[in-house]
Amino acid sequence: MQQHQGPLILLTGATAGIGQEAARQLAAQGATVVCVARNEAKARALVEELKRSSGNDRHAYLVGDLSQVADVKRVAREYRERFDRLDVLFNNAGALFVDRQLTAEGLERTFAVNHLAYFVLTTELLDLLQASGSGRVVSTSSAAHHQGDLGFLEDLQNERWGVGGMRPYGRSKLANIWFTVELARRLEGTGVTANCFHPGFVASDFASNNGFAAKVFMALTRPFQRGVSKGADTGVWLATAPELAGKTGGYYHNRKLRKTSKAARDPQAPARLWERSEQIVAELV
Ligand SMILES: NC(=O)c1ccc[n+]([C@@H]2O[C@H](COP(=O)([O-])OP(=O)(O)OC[C@H]3O[C@@H](n4cnc5c(N)ncnc54)[C@H](OP(=O)(O)O)[C@@H]3O)[C@@H](O)[C@H]2O)c1
């Protein structure tokens, strides 16, 4: 078990784009970053870089495929074995899938990676966040949540796929907001906060898993994309800024609280998603 000075932050999706930049910014601020990654070589290279640049040799990584609930649970177990506390859980890994795919556990992949991994990692580690006294959960959502609809609750496995994977993606980013709202409600009075954010349209590796057409789209739209530094900024701020203490249940962009879509403000949906997510995880055991 290792002892730590600055905040101890568990960060997913740290091997590229927004997460990688967030890891760098957090390490530069004195945090110890534990990265969750499916690609061990990329994780090792990043952690070595963070150790060199920050002079802190406690940065670490855990290997896991976040599309698999069993793997997410194993990562949570390994985290407990190696670390004595958790101050911030930063759920950031996410992807868009143009075609509908099922994971080995039979779940639609966008739902599994972009929502269920956030849900499982958080619920598995909630007691550690509570023990920290002022724990924070930060989740990377998106303005794409405006494309999510209440019908998602009746179609969590995205059988109504639509074109290009945007509906399932938008639904998953809506799920990040519902998850944040419900988590904040359940954690009221505990000192642990939950917030999410839209990073903007960011020049990252996003969508590069979808072949040539997606790469061309990202390249052509590059003039409209912001750099990763700006993209990561609001998430890093939510994770560490003292002025955020006690602020919970919010959706932020450019460090400002923003209004969410009508579906995101539905009063029943957050609890319904939470209960359905619990059921789905229980059925997998
Ligand atoms: N880019 C944008 O314009 C934008 C806008 C709004 C919201 N977002 C959100 O921002 C977050 C980060 O995206 P990004 O733009 O930084 O994309 P990115 O550059 O593609 O980075 C995604 C990260 O997630 C990891 N990841 C994906 N699937 C995984 C899995 N099954 N298991 C473990 N790790 C996995 C990737 O690992 P590998 O390195 O192994 O691929 C990578 O580290 C996502 O939640 C996305 O929805 C992005």
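Colleague: Hi! How far does a polar side-chain atom of lysine 173 lie from an oxygen atom of the ligand?

Modeller: Hello! In this predicted model, the distance is 2.9 Å, from a polar side-chain atom of lysine 173 to a ligand oxygen atom.

Colleague: Nice. And which atom of aspartate 205 lies 2.9 Å from an oxygen atom of the ligand?

Modeller: That one is a backbone N or O atom of aspartate 205. Glycine 13 also uses a backbone N or O atom, and this atom lies 3.3 Å from an oxygen atom of the ligand.

Colleague: How much of the ligand does the protein bury?

Modeller: The protein buries 93% of the 900 Å² that the ligand exposes when taken alone.

Colleague: Which residues around the ligand come nearest?

Modeller: There are 31 residues around the ligand, and Thr15, Lys42, Tyr169, Val202 and Ser204 come nearest.

Colleague: Let's switch to helices. At what angle do the axes of α5 and α8 cross?

Modeller: Roughly 95 degrees, and the two axes come within 8 Å. Helix α5 covers residues 166-186, while helix α8 covers residues 269-284. Angles of 65 to 115 degrees count as roughly perpendicular, so α5 and α8 are roughly perpendicular to each other.

Colleague: Which residues make the contact?

Modeller: On α5, they include Trp178, Phe179 and Arg186, and on α8, Pro270, Trp274 and Glu278 are among them.

Definitions and conventions:
Residues are numbered from 1 along each chain as its sequence is written. This is a predicted model: local features need pLDDT of at least 70, side-chain atom pairs count only at pLDDT 80 or more; totals for chains, interfaces and linings use all residues. Side-chain values use heavy atoms; hydrogens and water are left out. Axes are lines fitted to C-alpha atoms, for helices over the stretch in contact, and angles run from 0 to 180 degrees between N-to-C directions. Helices (H or I, at least four residues) and strands (E, at least two) are DSSP runs, numbered from the N terminus. Angles under 35 degrees count as roughly parallel, over 145 as roughly antiparallel, 65 to 115 as roughly perpendicular and the rest as oblique. Contact means heavy atoms within 4.5 Å. A residue is near a molecule or strand if one of its heavy atoms lies within 4 Å of it. A polar contact is a pair of N or O atoms within 3.5 Å; within protein, one must be able to donate a hydrogen and the other to accept it, and residues adjacent in sequence count only if both atoms are side-chain atoms. Accessible areas come from the Shrake-Rupley method with a 1.4 Å probe; for residues, only the protein chains shown count as cover.
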